[in-house]
Amino acid sequence: MSVHLPPLPPTPGDDYRPTGRSIADLVAEEHRQLLELTRRLIEPGPDPEHGRDVLVAALSRHLSGEEQYLLPAVRHAVEDANPLVDEVLAGDVELLRALQGLTDDGLPDLAARLEAHARAVDPLMQRLCAAATEEELIRLGNRLEIAEEAAPTRPHPAVPHNPPWNRIVEPAVGVVDKVRDVLAGRHTQLGELTEPPPR
């Protein structure tokens, strides 16, 4: 294996393939959806109901999942990727800061930062896809989805952004965020928008 992941449990045959979606497909889809939602919030016309809350939650979860699984996998499998990963992490912290107290006036800056994030992650993803097997990419995709389910729904730029600490701290912070979301009646899922971004 080229990506450091815990071994799969034994299976009855050698032809076992994990089910799920590749991390490359998931991250590309999330980038498209987040950019589309940001564009819709900036353009004149009716904003999607709860759009800003959903954007903050979805982007917070997305960054958490990437930091827990995508970026460590890139560090492990891609030669000379550490400086590029460090740049992405620094940009992620700035994105999380831009999400704090997000207003309509801050949306264009957030959009520019999000576009820069996608441009920085895309070449790393291509290099990871070249270094990893399809099985590894699917297993990483499964882990990304699980991490995003447990991730914070609000920006927390001060929490750790590298394993193992982010894998311990972020789910705990995520529980607190989810309780606050329920108590406030806050919408946090793309599917809760009146017109969700296309998949």
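Start with the largest pocket: H1 supplies the largest share of its lining, 5 residues. Here helices are DSSP runs of H or I at least four residues long, strands are runs of E of at least two, and both are numbered from the N terminus. A word on the model before you click: it is predicted, with local features needing pLDDT of at least 70 and side-chain atom pairs counting only at pLDDT 80 or more, while totals for chains, interfaces and linings use all residues. Residues are numbered from 1 along each chain as its sequence is written, and side-chain values use heavy atoms, leaving out hydrogens and water.

**Stop 1: the pocket**

The largest pocket has a volume of about 520 Å³. Select Glu30, Arg61, Glu148, Gln189 and Leu190: of the 22 lining residues, these are the closest to its centre. Elements that give two or more residues to the lining are H1, H2, H5 and helix H6 (165-184). By type, the lining splits into 6 nonpolar, 6 polar and 10 charged residues. (Ala, Val, Leu, Ile, Met, Phe, Trp, Tyr, Cys and Pro count as nonpolar, Asp, Glu, Lys and Arg as charged, and the others, Gly among them, as polar.)

How are such spaces found? On a 1 Å grid over the protein atoms alone, a pocket is an open set of points with protein on both sides within 12 Å along at least five of seven lines; a cavity is a set where a 1.4 Å probe fits but cannot get out; lining residues have an atom within 4 Å of a point. Points are joined across faces, edges and corners, and the volume is the space filled by probe spheres set on them.

**Stop 2: the cavity**

By this rule there is 1 cavity of 30 Å³ or more, and the largest cavity holds about 70 Å³ of space. Its lining includes Ser60, Leu63, Pro152, His161 and Glu170, and H2 gives the most to it, with 4 residues.

Val159 also lines this cavity. You'll find Val159 in the loop between H5 and H6, buried at 16% relative accessible area. (Buried is under 20%, exposed over 50%, partly exposed in between, using a 1.4 Å probe and protein chains only.) Beyond four places in sequence, Val159 is in contact (heavy atoms within 4.5 Å) with Val169, Glu170 and Val173.

**Stop 3: His117**

Next, select His117 in helix H4 (residues 107-131). His117 is buried, at 5% relative accessible area. What does its side chain make a polar contact with? Show the side chain of Glu66, 2.9 Å away. (A polar contact is a pair of N or O atoms within 3.5 Å; within protein, one must be able to donate a hydrogen and the other to accept it, and residues adjacent in sequence count only if both atoms are side-chain atoms.) Setting aside neighbours within four places, the contacts of His117 also include His31, Val88 and Asp92.

**Stop 4**

Most residues other than glycine have a negative phi, and most peptide bonds are trans. Select Asp80, in the loop between H2 and H3: not a glycine, yet with a positive phi of about 60°. Asp80 counts as exposed, at 63% relative accessibility. Then jump to Pro163 and Pro164, where the peptide bond joining them is cis, with omega near 5°. Pro164 lies in the loop between H5 and H6.
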